[in-house]
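Student: Hi! Could you walk me through this one? I'm new to reading structures.
Tutor: Happy to, let's look at it together.
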Amino acid sequence: MAAAREPHEPEKKPFKLLGILDVENTPCARESILYGSLGSVVAGLGHFLVTSRIRRSCDVGVGGFILVTLGCWFHCRYNFAKQRIQERIAREGIKNKILYESTHLDPERKIESSNSN
């Protein structure tokens, strides 16, 4: 059961990135943004320590942010979709198990009867 909101609590507004991406309710968005910002700092700082060029290091940092964010986003969304497919298959299997249990269509019953022969 979800926690009920107290009547005196103000309604919490969702955090939207650039006004379009609801980070709180979109799966994988928060992790992708966090990993992207870490990748930005690492790439920009690493490039600066190697070359000492400030402007190019900022460009590398922005590029690192974009690459890491998109990479994490696609990886996470792929795993999320794969997990949803597996959950759907398991849900259908459980439904079929409940539906066909102890009937002549039960596959386990056919296996048991063929083993006893």
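Tutor: One term to begin with: helices (H or I, at least four residues) and strands (E, at least two) are DSSP runs, numbered from the N terminus. This is a predicted model, where local features need pLDDT of at least 70, side-chain atom pairs count only at pLDDT 80 or more, and totals for chains, interfaces and linings use all residues. Residues are numbered from 1 along each chain as its sequence is written, and side-chain values use heavy atoms, with hydrogens and water left out.
Student: In what order do the elements of the chain run?
Tutor: From the N terminus, the order is β-β-α-α-α, which comes to 3 helices and 2 strands.
Student: New topic: how much of the chain is buried?
Tutor: Buried residues (under 20% relative accessible area, with exposed being over 50% and partly exposed in between, using a 1.4 Å probe on protein chains only) make up 12% of the 117 residues.
Student: What share of the contacts links residues 24 or more positions apart?
Tutor: Counting contacts (heavy atoms within 4.5 Å) with a separation of 6 or more, such pairs account for 41%.
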